[in-house]
Amino acid sequence: MGSNYKKRYTAEFKRDAIALVDSSGKTVTEVARELGVSPESLRGWYRQARIDRGQGQAGELTSDEREELKRLLKLAAEQARTIEVLRKATVFFAKESDR
């Protein structure tokens, strides 16, 4: 059974791990084993680093683009909540003015 605990790694650790993959000639799995991290985690970091360097495939989002997308989705959700409150207030006051 897997654990619900997610270990957090610093940005510096991730950069160093990615640099080790690039410079050592070892596979991602070998480097991950040496560092004691999950191969899937290191593979994801490495893939995202390649995308950030412009070496990804068309349509893949850089880290900056992912952050901007997350920010915009949060803003859209907030605006949707505001619109819903205003809609309900409009209905309420329309009923009140009819009395």
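First, the ground rules. The model is predicted, so local features need pLDDT of at least 70 and side-chain atom pairs pLDDT 80 or more, while totals for chains, interfaces and linings use all residues. Residues are numbered from 1 along each chain as its sequence is written, and side-chain values use heavy atoms, without hydrogens or water.

Helices here are DSSP runs of H or I, at least four residues, numbered from the N terminus. Axes are lines fitted to C-alpha atoms over the stretch in contact, with angles from 0 to 180 degrees between N-to-C directions.

Contact means heavy atoms within 4.5 Å. From H1 come Phe13, Lys14, Ala17, Ile18, Val21 and Asp22; from H3, Leu42, Trp45, Tyr46 and Ala49. The classes are 8 nonpolar, no polar and 2 charged. Nonpolar means Ala, Val, Leu, Ile, Met, Phe, Trp, Tyr, Cys and Pro; charged means Asp, Glu, Lys and Arg; the others, Gly among them, are polar.

Next, H1 and H2. Their axes come within 10 Å and cross at roughly 135°. So the pair is oblique. H1 passes H2 in a right-handed crossing; that is, the near helix is turned clockwise from the far one by less than a right angle, anticlockwise being left-handed. Phe13, Ala17, Leu20, Val21 and Ser24 of H1 touch Val28, Val31 and Leu35 of H2. That contact has 7 nonpolar, 1 polar and no charged residues.

Val28, Thr29, Val31 and Ala32 in H2 meet Pro39, Leu42 and Arg43 in H3.

Last, what lines the largest pocket? Lys6, Lys7, Arg8, Tyr9, Lys14, Val37, Ser38, Ser41 and Trp45 do. By class, the lining is 3 nonpolar, 2 polar and 4 charged. Lys14 and Trp45 also belong to the contact of H1 with H3.

How values were computed: Helices (H or I, at least four residues) and strands (E, at least two) are DSSP runs, numbered from the N terminus. On a 1 Å grid over the protein atoms alone, a cavity is a set of points where a 1.4 Å probe fits but cannot get out, and a pocket is an open set with protein on both sides within 12 Å along at least five of seven lines; lining residues have an atom within 4 Å of a point. Angles under 35 degrees count as roughly parallel, over 145 as roughly antiparallel, 65 to 115 as roughly perpendicular and the rest as oblique.
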